[in-house]
Amino acid sequence: MSIFGSNEKKEETNATFLFDTEKDTINQSNLAKDIKIHGSLEAKDYIEFSGNINGTIKSSTVNIRQTGFVKGTVSGDSVTIEGEIDGDIQAKDLYIKSNAKIKGTIRYTNIDIQNGSIINADLFYSS
Amino acid sequence: MLGLIMDEENSDSISQDLDNDSKMVLVGSGVRIEGRIDGAESTDVSGSLSGTLKSSRISINSSGSFNGDMNGQDVVISGNVEGEITSEDTIIVNQSAKIKGTIEYSSIQVSYGAKLEGSLRHRGSIQNYSTVNSVSDEKTEDVENNTDEEDNQ
């Protein structure tokens, strides 16, 4: 498990992160809330994101936590949104939690929306 | 098989428990209604209803379908809907629901498995949306003006 976002790392980073996908263990990436990224973030298994990204997040499982903000694209097999998204979401299983704020486009196969979320989006279903 | 619009006196044999002030609309399974319904308190659709519907509570059951514009406070969708849904309070979309069109809502809950196509609009945010649109309109006008100026030069 790799952890980004220590207090010293407050500057914006301009980079593409590619996580090691060869290990047997589940690769879990947890990005804390003070991190800011311009670029794309990709992992094989799991990304938990609490920071601020202008770009793309892609992983098998993506969890955008309550403090997380994404301007751009989030895609994955299973995507959970608790934070704010301005852009596109692509997911087979999409879970939108009660604190979520979403603006943009949603492409999904299965969707679950909790009471309280604020969504202004175009929805596209694909089997 | 029921197809009732209950407002006036009606037969006790079908539903004795509904009083005449219940302002209830029941569209039974297999029944088709087309037209405009207004002033209803509660509308329960297991058949097919197309047109315009205004009712405080609306329930489209899993065997039911609706085509057109509906406006309600509490809306529950378990069947097929094509058109525009406006819910002033809460909309609940159940697993068996299939919706194509626009949903304008204050509070929405969607169960895993429901199929929604179209757009979702949060009522609280609509004000912001129109501002955004008007700003972009102004921008477009500016661009047009600029091109005019360029043409003149």
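These legends describe close-up views of a predicted model.

**View 1. The interface between chain B and chain A.**
Here 19 residues of chain B are in contact with 20 residues of chain A. The size of an interface is often given as the accessible area lost when the parts come together. For chain B and chain A, the buried area is about 1,800 Å². Carbon and sulfur atoms give 47% of that area. Three residues of chain B stand out: Val110(B), Tyr112(B) and Leu120(B) supply 31% of the area that chain B buries against chain A.

**View 2. Polar contacts and the elements on the chain B side.**
The rule finds 11 residue pairs in polar contact across the interface of chain B and chain A, with both residues at pLDDT 80 or more. On the side of chain B that touches chain A, the elements giving two or more residues are β8 (107-110) and β9 of chain B. β9(B) gives the most, with eight residues. By class, the residues on this side of chain B are eight nonpolar, eight polar and three charged.

**View 3. The salt bridge across the interface.**
Side chains of opposite charge can pair when their charged atoms come close. Across the interface of chain B and chain A, the rule finds one salt bridge. Its partners are Arg121(B) and Asp122(A). Their closest N and O atoms are 3.4 Å apart.

**View 4. A salt bridge within chain A.**
Over all chains, the count comes to seven salt bridges. One of them joins the side chains of Lys71(A) and Asp86(A), at 3.6 Å from N to O. This pair links distant parts of the chain, 15 residues apart. Lys71(A) lies in strand β9 (residues 69-81) of chain A, and Asp86(A) lies in strand β10 (residues 84-96) of chain A.

**View 5. The second largest pocket.**
Rolling a probe the size of a water molecule over the atoms shows where empty space is left. The second largest pocket holds about 180 Å³ of space. Elements of chain B that give two or more residues to its lining are β5 (65-77), β6 (80-93), β7 (98-105) and β9 (115-122). Tyr125(A) is part of the lining. From chain B, the lining includes Phe66(B), Asn67(B), Asn80(B), Val81(B) and Glu82(B). Lys98(B), Ile99(B) and Lys100(B) also line the pocket, as do Lys115(B), Leu116(B) and Glu117(B). By class, the lining has five nonpolar, two polar and five charged residues.

Notes
Residues are numbered from 1 along each chain as its sequence is written. Chains are lettered from A and ligands numbered from 1 in the order in which they are written. This is a predicted model: local features need pLDDT of at least 70, side-chain atom pairs count only at pLDDT 80 or more; totals for chains, interfaces and linings use all residues. Side-chain values use heavy atoms; hydrogens and water are left out. On a 1 Å grid over the protein atoms alone, a cavity is a set of points where a 1.4 Å probe fits but cannot get out, and a pocket is an open set with protein on both sides within 12 Å along at least five of seven lines; lining residues have an atom within 4 Å of a point. Grid points are joined across faces, edges and corners, and a volume is the space filled by probe spheres set on the points. Helices (H or I, at least four residues) and strands (E, at least two) are DSSP runs, numbered from the N terminus. Ala, Val, Leu, Ile, Met, Phe, Trp, Tyr, Cys and Pro count as nonpolar, Asp, Glu, Lys and Arg as charged, and the others, Gly among them, as polar. Contact means heavy atoms within 4.5 Å. Buried area is the accessible area (1.4 Å probe) that two parts lose on being put together, summed over both. A salt bridge is a side-chain nitrogen of Lys or Arg within 4 Å of a carboxyl oxygen of Asp or Glu. A polar contact is a pair of N or O atoms within 3.5 Å; within protein, one must be able to donate a hydrogen and the other to accept it, and residues adjacent in sequence count only if both atoms are side-chain atoms.
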